[in-house]
Every structure is written in C-alpha cells, then in structure tokens.
Amino acid sequence: MSEPERTRQSQARRSRLTDVVCVVGLGYVGLPLAYEFDRIGHDVVGFDIDDGRIEQLRRGIDPTGDVGDAEIADSSIAFTTDEAAIGEADFVLVAVPTPVDEMKNPNLDYVQSAGKTIGRHIEAGTTVVLESTVYPGATREIFAPAVEEASGLTYGEEFFVGYSPERMVPGDEEHGLRNVVKIVSGQNEETLEEVASLYEGIVDAGVHRAPAIEVAEMAKVVENTQRDLNIALVNELAIAAENLGVDGRAVLEAAGTKWNFHDYRPGLVGGHCIPVDPFFMVYQSERNGYSPKLVQQAREVNEYMPKHVGELALKAMNDCGQVPKESTVLVLGLAYKPGVGDVRTSAVDGTIDYLEEYGVDVVGFDPHADDDVMREEFGIEILEQLTFEDVDGIVLATPHDRFLGIDYKSAAIEMDERPFFLDVDAAMDETELTEYGFEYRRI
C-alpha cells in the first residue's frame, strides 16, 4: 500500500475548505461548479483550453449566462489556460463535452484528452472526479487509465477517482446546482465519502451515494433516456392523431384528467442531453450482447419530429393557397429551449432543411442567440430586428417569453394575405390568433 493510501485511511480525511479545487472545462457545467466552490471559500482554479473563454472570464464576463457577469467579476477563481495549475489541486473536477459521432457512437476523445492533461500534472493523493456523461464503465475503462498513463501514478493507490454526473438544467433557476440532489460515487468507500463530503458543501439538496461508479454513470443515462421515451410516446400519438384528423393536444388534456397519467407534451427534442444520452445506453448495451430496441425506436420517433413540423407547415401553406417556392417562412426561436441562447443542439434545423427542400425561403429570429452563430449553424437569413413584412407564415419553434407578448394582430396586417401560424409547443391562444386572420396549426 502506498504512503498516500495509508495517510488517507489513517486520517479518514473529509473535504476541508483548505482543499484546492480545480475545475477542468468551464462550460455550462464546469463554470457553476467553480463558482459554487469559490463561493463557500475553497481556493478554485478554473482551467479551459479556450483562450477566448478564459479572457472573457478574467474580464468578468460569463459566456454561458448561467452564473452571471457580476458573480464572475466578484469571484476569486483563478481562470487559466496553463495546465500546470492543475497540479495545485487536491480535487480535480472534469466537465468536458461527450458528443456522439456521425454513427451515433459516444465520442470520448475529450474525456481521454482531459485525463492525459490532468495526468501530466497531478500529485500523489489527488482525487479526480468526472462529471461528463459517459456510458457505464467508461470512467474505469477510458478516463482513469488516461490519467494513470500520463501521470505514472497508480490508479487506486496514488490517485483516486470518482464520478458525479451533472444534473443541472440550463436556464432553469429552480433546478440549478444547489437545489438538485447530486449523485456521487467513488472507486472505494473512502473515495466515495471524500467526494460526497466535497459536494455536500455546495449542494443544498444533498447528495445520493451510489454504491458503484457504474451505477452513477448509468443513472445519468437512464434519467434522460426515460424522458426521451416519454416524449417519443406523445410525439408518436400526435402524429397518429394528425393522420386521424383528431386534435392530439385535446386528447392529452382529456387523458390527463386521470390521476396517474404522466403529463408530457409533443414537440421538438433538442439539447445536450436528451437527444444524446440514449445512444450511450445503446452503445454499451450492444457491446455486451443486448440491443435495447425500445430506446432506439424512441430516438427514431423524436428525430422524425422536425420533418413532421415541416410537413405541418407545408399543409398550412396549402390551406392558405400559398406556393412553397414563392413563400417566406419566419422561424421564431432557434435555440433548443426557451430562455437560452444555445442553438448548436437545436432540432429546428431539420425543419428548416425540410422546408428548403421544397423551395421555401426561411428566415429566422432569436433574441437570445448570437446572430453570426445562427447564420453559420442554419445557413439562413437571420433578422437583426424583428419584422413581419413580406412573411407568409410563422413557425413558433421556441416560445421565448418575448414572443408570447408580440402584437400578432399588427403582425398579421404586415404579412401577406392569409398567413399561417404554426405553434410547435402550443404556447399561444388559438382563438385569438384565428381572429387576427391566421390559419393556426399546432402539433
């Protein structure tokens, strides 16, 4: 047994404010972590490889919008791109992206790269905690070996590993880092207690101690897989209802009067988690001999929804006597959810592509997202100022609060004769919009 291990077992060290915490990756997961540990008195190092992001943070600008400029400016976090600073930490928390590739297989290159970067600098006795979403087993199979190889230290003897999946909801103040129970795990009981104690300092809702790292990894994947399945069910029912000529939303409202009916609504499924996490489950399950068909079919349904929205828009055009190749559609809201500006994981791109295939001229507007980023992401004209002139129809894809207060009566007057309004999330009043002269549609 190594000296660091004997020291741990003899002292049973709990997290102390004198412990230095380093957060690797300062996106929407890592930055709130760094802020909260700084807030309670830890010395915090915030490391990221993005020079521009670090420069913004040093100037007191929060590029994520989830913490706040004033909070970042008032913090004592040492923001850096110097990886040598990782060596100062007692705990290293890793929050890097884990996307899927073109074949829908998990891409853990960022996790492996972060492990190697950390390994080049950590000291014996350091505890490293992965927060990124991974498939069950990846922390031990991919991450820990990367740290071990680069450090020359022995995993489980000279450095220690835990896993604690992020559960925050961007743009949702009620479900931030402090007020959502944190799942924690460790390679052994000693590490588990240290990781639990560390997070208990910043999570008011408390922590849940998972009995194994793989349990915590799978729990994260299952959370979002369950949501994907439930949304897929109501999406499929919405498509079926449309084909039957039945009001699907009215069906759900009626069914929802039963006490045990689960309240989900149809719509586009975007974001960093729900459209991605099921593939982690599928990947690892198939590697071990079982293909989860229900999970895969749910993904197929939800990935079809952008096309379905496009089909509804074309039907509305037809009912209004419009010709697709002569029509302009304004998409209101290009971010993946209300109140945020992230368009990189928005599902509305599929709707835009579908409409463009039929020659429709699509323009977009989103007050929360960067105009240049939207132009690059969607390849369409982005309005810098909202106008309805020469627009034939509106697709309200993301119901930001600003869109709910628009004077649509005046908008209808600006638009071409017989405009349509496709309300993807059924956020507007159908009767009101119909009175204004819109041909109203919703999923």
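Colleague: What should I know about the model before we start?
Modeller: The model is predicted, so local features need pLDDT of at least 70 and side-chain atom pairs count only at pLDDT 80 or more, while totals for chains, interfaces and linings use all residues. Residues are numbered from 1 along each chain as its sequence is written, and side-chain values use heavy atoms, with hydrogens and water left out.

Colleague: Which residues of helix H5 are buried?
Modeller: In H5 (residues 109–119), the buried residues are Val111, Ala114, Gly115, Thr117, Ile118 and Gly119. Buried means under 20% relative accessible area, with a 1.4 Å probe and protein chains only. Helices (H or I, at least four residues) and strands (E, at least two) are DSSP runs, numbered from the N terminus.

Colleague: And what covers them?
Modeller: The cover includes strands E1 (20–24), E2 (43–47), E4 (91–94) and E5 (127–130), together with helix H6 (138–151).

Colleague: At what angle do H5 and H6 pack?
Modeller: The angle is about 30°, and the axes are 7 Å apart; axes are lines fitted to C-alpha atoms over the stretch in contact, and angles run from 0 to 180 degrees between N-to-C directions. H5 is therefore roughly parallel to H6, a term for angles under 35 degrees.

Colleague: New topic: how many disulfides are there?
Modeller: The search of the whole structure finds zero, where a disulfide is a pair of cysteine sulfur atoms within 2.5 Å.

Colleague: Is Cys22 buried or exposed?
Modeller: Cys22 counts as buried because its relative accessibility is 0%. Cys320 is also buried, with a relative accessible area of 6%.

Definitions and conventions. Buried < 20%, exposed > 50% of the residue type's maximum accessible area, 1.4 Å probe, protein only. Contact = heavy atoms within 4.5 Å. Parallel < 35°, antiparallel > 145°, perpendicular 65-115°, else oblique.
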